[in-house]
Amino acid sequence: MLTYKDALDYIYSFTNYEEKISYLYSPEHFDLARIEKLLALLGNPHCQFNSIHIAGTKGKGSVAAMSESILRAAGYRTGLYTSPHLHTFRERIRVNGQLIPKETVVSIVERLQPLVSWVRGITTFEIITALGFLHFAEQEVELAAVEVGMGGRLDATNVVNPLVAIITSLSYDHVPILGETLPQIAREKAGIIKDNALVITAPQPPEAMAVIEEVCRKKKAELTVIGRDWTWEAGESSLEGQWFRITDHGSRIANRDFWIPLLGRHQLVNATIVVAAMEHLRQQDINIPEASIREGLRQVRWPGRLEILGRDPFVVVDCAHNADSAAKLKATIKELFTYRHLVLIFGASTDKDIEGMMRELFPLASQVIVTQARHPRAMEIAVLQEKALLLGWEVRVSNSVAEALNLALEAAGPEDLICATGSIFVVAEVQEAWAEKQGAELPERD
């Protein structure tokens with residue numbers, strides 16, 4: 001029998017695009033026929049639960065987490081499928097908020113093994129997706145929030161036929177793969193839109209919105225635009241969370257006040273998307289009381305997103321990994337935090353707009369420490385240092401994220417702010433190093 005490690009080794013033994021630096025995003029490498037064949041051999045588990053499908057550049061994980069939290073508060077048996085994970089593979093697949101058990105991963109992989117041999121060219125993410133959907137079906141999940149891995153059109157999750165399709169904020173990311181223009185990126189994301197679908201989109205740049213509207217017209221899909229059909233008004237905010245007010249201009253229902261523990265004004269857009277999605281589900285006879293919406297938003301947890309690990313000095317981690325999300329992080333730091341000096345810990349993946357992130361964040365910092373996460377796609381420290389120097393910034397270097405945190409803590413006084421960002425992998429390693437320093441229980445890590 002397999003061990004849990006054996007099962008993960010098997011999954012990762014296939015082509016794993018999460019670890020590749022460059023590749024061609026085309027049907028030659030991403031083919032829905034493979035995942036469809038594997039799911040058919042499993043009895044089409046993705047047809048045994050309803051879903052919300054979420055694509056976008058930024059915010060799709062937050063939207064998925066908020067959606068699942070509300071649906072669970074409403075009494076439904078829920079699934080949550082996200083990627084990548086912070087610490088353990090099991091984070092990617094959750095039922096009713098619980099990580100998939102190790103023994104279940106092993107059991108399903110053992111059943112997948114003889115079937116996978118029938119599917120030529122299968123990838124790691126396709127196997128994980130099949131595993132997650134089979135777990136949801138066997139656990140009798142009623143409603144699942146399913147986050148797209150990358151893109152949308154050719155993503156393995158695009159086999160679901162969701163009750164609502166969501167496109168969160170679009171910006172430049174995975175540019176060598178998804179396209180160098182926002183219309184190209186938008187077309188890949190809009191690939192999740194099915195015929196006669198209900199679609200919700202965040203506010204988008206005009207050129208991206210035009211593509212989404214075009215696809216909706218062709219698919220005869222009903223499009224709800226946040227910022228036009230639904231609007232939000234920011235309320236009081238603190239380091240514990242923020243209030244906001246929503247208006248549905250279709251029904252002219254205003255003055256619906258909500259609170260979320262997630263920081264950053266950009267999360268208000270995501271939360272408005274989620275409330276609109278819940279209204280779409282209500283219209284499909286899904287019973288979601290108003291109290292469940294409030295409770296689900298209030299109880300949502302999504303670590304690594306403007307998460308405060310410590311105070312005196314502040315230690316903050318955020319998964320910003322492109323220029324747009326770095327700008328949102330900068331705005332939130334300026335709005336919410338009072339500090340004397342900012343010490344920035346920065347590391348990034350090789351396929352990101354590193355210079356764009358540097359331009360947004362480095363001017364805030366009194367000191368910058370560049371480092372390299374353990375992930376195969378992490379940019380080498382020497383390259384980060386060179387890019388910073390070309391932009392006119394002197395930086396310190398650290399051979400590991402844990403060491404970078406030590407250097408930051410040595411440099412920071414109790415009135416200062418330490419912020420670690422640039423990559424989800426940097427965030428995960430800071431969380432682990434911080435927990436070890438505090439003598440707290442370490443996050444489970446595969």
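**Rings, strands and a buried serine**

F14 is partly exposed in this predicted model, with a relative accessible area of 22%.

Trainee: How are the rings of Y10 and F14 arranged, edge-to-face or stacked?
Mentor: The structure holds nine aromatic pairs. In the pair of Y10 and F14, the ring centres are 5.2 Å apart and the planes stand at 80°. Planes over 60 degrees apart count as edge-to-face, so the pair is edge-to-face.

Trainee: Is Y10 buried or exposed?
Mentor: The relative accessible area of Y10 is 17%. Buried means under 20%, so Y10 is buried.

Trainee: Which strands stand at the edges of the open sheet?
Mentor: The sheet has eight strands in the order β4-β3-β2-β5-β1-β6-β7-β8, with mixed pairing. A strand at the edge has a single partner strand, so one side is left without a neighbour in the sheet. The strands in that position are β4 (98–99) and β8 (222–225).

Trainee: What is the bridge partner of G79 in β5?
Mentor: Strand β2 covers residues 78–81 and pairs with β5, residues 143–147, in the parallel sense over four bridges. Within β5, the partner of G79 is A144.

Trainee: Which residues is S69 in contact with, leaving aside its neighbours within four places in sequence?
Mentor: S69 lies in helix α3, residues 60–73. Its relative accessible area is 7%, so S69 is buried. With those sequence neighbours left aside, the contacts of S69 are G296, Q299 and V300.

How values were computed. Residues numbered from 1 in each chain as written. Predicted model: local features only at pLDDT ≥ 70, side-chain atom pairs only at ≥ 80, totals over all residues. Heavy atoms only, no water. Helix = DSSP H or I, 4+ residues; strand = E, 2+ residues; numbered from the N terminus. Buried < 20%, exposed > 50% of the residue type's maximum accessible area, 1.4 Å probe, protein only. Contact = heavy atoms within 4.5 Å. Pairing = 2+ DSSP bridges. Phe/Tyr/Trp six-rings, centres within 6.5 Å; stacked < 30°, edge-to-face > 60°.
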